[in-house]
Amino acid sequence: NLANASGAWSATGYGDFTAQSVSQAAGGTVNFNAAFVGTTVGFAIWVDWNNNLQFETGERMFNTAAFVSSSTGSFAVPGAQANGNYRMRIRCDWNNSSPSACGVQARAETEDYTFTVSAPPACAAPTALSVGSITTTSASVSFTGTSLSYNYEVRTSGAAGSGPTGLATS
């Protein structure tokens, strides 16, 4: 839920965008897509998980290790990470395919954002829902989910609460 597509680089090579935030629950996955117009760069992402104002080696969540014009990837939020706000830093560097988080760089852009570790939903929505073998009296339904069980309702039309209900497990 971050979109900083202004296309302009910061005059000083640093942009404080901590008013913009992205969130995910502990143990969840963060997907991202970054595009760099008209050039190739090294690109990396850090999250200061211990809030000590330093981006340590173990806090680098992604690194291209190559010069790229775009980058798509994901990283996992540590499963035991406490809920709260953390500083997330991204850096692209025209001179280094594996940029460092800090230090003066002659041709680099560093941007800071807020990363919020949020409480997981009480009941995560199921995914990969599939329905097959449909007849007039039955159907086969499959899904994946992170909850231990899900309530369901069967109805042909009408408002929720108007059909027979049951319990399904993932």
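**A tour by selection**

Ring pairing in this predicted model gives eight aromatic pairs, where rings of Phe, Tyr and Trp (its six-membered ring) pair if their centres lie within 6.5 Å. Residues are numbered from 1 along each chain as its sequence is written, and side-chain values use heavy atoms, without hydrogens or water. Local features need pLDDT of at least 70 and side-chain atom pairs count only at pLDDT 80 or more, while totals for chains, interfaces and linings use all residues.

Start by selecting Phe32, Phe36, Phe43 and Phe62: together they make one aromatic cluster.

Next, pick Asp112. Two salt bridges are found in the structure (a side-chain nitrogen of Lys or Arg within 4 Å of a carboxyl oxygen of Asp or Glu).

Shared partners join Arg87, Arg89 and Asp112 into one network. Colour by accessibility: Arg89 and Asp112 are both buried (under 20% relative accessible area, with exposed over 50% and partly exposed in between, using a 1.4 Å probe and protein chains only), whereas Arg87 is partly exposed at 31%.

Finally, go to Ile134, in the loop between strand E8 (127-132) and strand E9 (140-144). Ile134 is exposed, with a relative accessible area of 64%.

Definitions and conventions. Helix = DSSP H or I, 4+ residues; strand = E, 2+ residues; numbered from the N terminus. Phe/Tyr/Trp six-rings, centres within 6.5 Å; stacked < 30°, edge-to-face > 60°.
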